[in-house]
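Please keep the sequence and the structure in view while reading.

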Amino acid sequence: MKIKFQTQIKTDGSGPYRTMVQSLMKIARNEGFLGAWRGNTAAEILYVSFTAWQFATYHTLKRGLADSSNKIPSHLSFVCGAAAGTTACLMTYPFDLIRTQMAVRGIESMSLSVIVRNTIRNKGMSGLFWGLKPSLLQTAVYMGASFAIYESTLDVVSAAWDKNNDTDSTIPMTVAGALAGMISKFVAFPIDTVKKRMQTFQLDRNLLQPSQRMDIETMRGAMHCARTMLAKEGFLSFYSGVGTAVIKSAVTASIAYPLYSHFRRAIGKQLGDDDLHHV
């Protein structure tokens, strides 16, 4: 639903996808029940790979910067999170582009392998990385803010939940993760929308619905895309679908952070790695 919202052109202030319930029903009616999972194979590969790279990189950087209490200040947490996110983005970006294009095309979507072949044949290898620059910026802001907010709010939430300030408790990690996901997604969302528009624009116009076609012949980059959106659709177009995105991000982060922490400690115990267990 988020991608449907972000990629519809609303020059007259409206679009075919309006609310979450209406959009879900529309997808089910036009594409079948499984239409809401369109592009899920590429998305799963993306999320598994991205999360692995992201947490591994963040953990490595944090271990090198943490003080004796295994803490780092918020600004360093932001830098580590941004570096981890951009590294993961570089490694996994083609799957992001493919997932978007499959979701946009809906029931007319091609398979993952066909999209890759067609993109390479028509655009070259660089076509798989179209829209990478705004994606790197969006990911740096999103993941930097997410890790910084999580690290800074975990102690506060833990203290409010447990007088012993147990930061290993699942509930505080879940709450801190949800807050981190919601706030960071809202901050970075306009850049994500520009990225999604660029990923969609790469498709042949004949493959898109009229409501998905931007009224320009060529797109000269992220700034050109953003200026076009602002001029033709207004500022709010950058936040189309933000409610869906914030909910999704809150759920994702509230699960990812506690699971990462629990698995990290469990693996640390098995390996006898005290640093892995505590950081």
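## Helix α6 and its bend

In this predicted model, helix α6 bends by about 35 degrees at T153. The helix covers residues 132–161, a run of 30 residues. From its first C-alpha to its last it reaches 41 Å, close to the 44 Å expected at 1.5 Å a residue.

## The largest nonpolar core

The largest nonpolar core holds 25 residues, of which Y58, F147, Y150 and Y257 touch the most other members. The elements that give two or more residues to this core are α3 (40–65), α4 (74–105), α6, α7 (170–201) and α9. Among these, α6 gives the most, with 8 residues.

In soluble globular proteins, nonpolar side chains tend to be buried together.

## Salt bridges

The model has 11 salt bridges. One of them joins E151 to K62, with the closest N and O atoms 3.0 Å apart. This pair links distant parts of the chain, since E151 belongs to helix α6 and K62 to helix α3, 89 residues apart. Both E151 and K62 are buried.

A salt bridge also forms between the side chains of D192 and K195, at 3.2 Å from N to O. These two residues are 3 apart in helix α7, so about one helical turn separates D192 from K195. Both D192 and K195 are buried. The salt bridge between K232 and D215 has its closest N and O atoms 4.0 Å apart. Because K232 lies in helix α8 (residues 222–233) and D215 in the loop between α7 and α8, the pair ties together parts that are 17 residues apart in sequence. K232 is partly exposed, at 39% relative accessible area, whereas D215 is exposed, at 60%. Salt bridges with shared partners join K2, D96, R99, D192, K195 and K196 into one network.

M1, M20, L24, I247, V251, I255, L259, F263, I267 and L271 make a nonpolar patch of about 920 Å². The largest share, 7 residues, comes from α9.

One of the patch members, L271, has its place in helix α9. L271 counts as exposed because its relative accessibility is 63%, and exposed means over 50%.

Terms used: Residues are numbered from 1 along each chain as its sequence is written. This is a predicted model: local features need pLDDT of at least 70, side-chain atom pairs count only at pLDDT 80 or more; totals for chains, interfaces and linings use all residues. Side-chain values use heavy atoms; hydrogens and water are left out. Patches are made of residues with over 30% relative accessible area and no salt bridge: like charges are joined within 9 Å, nonpolar side chains (Val, Leu, Ile, Met, Phe, Trp, Tyr) within 5 Å. Accessible areas come from the Shrake-Rupley method with a 1.4 Å probe; for residues, only the protein chains shown count as cover. Helices (H or I, at least four residues) and strands (E, at least two) are DSSP runs, numbered from the N terminus. Buried means under 20% relative accessible area, exposed over 50%, partly exposed in between (1.4 Å probe, protein chains only). The expected span of a helix is 1.5 Å times one less than its number of residues. The bend at a residue is the angle between axes fitted to the seven residues ending there and the seven starting there. A nonpolar core is a set of buried Ala, Val, Leu, Ile, Met, Phe, Trp, Tyr and Cys residues joined through side-chain atoms within 4.5 Å.
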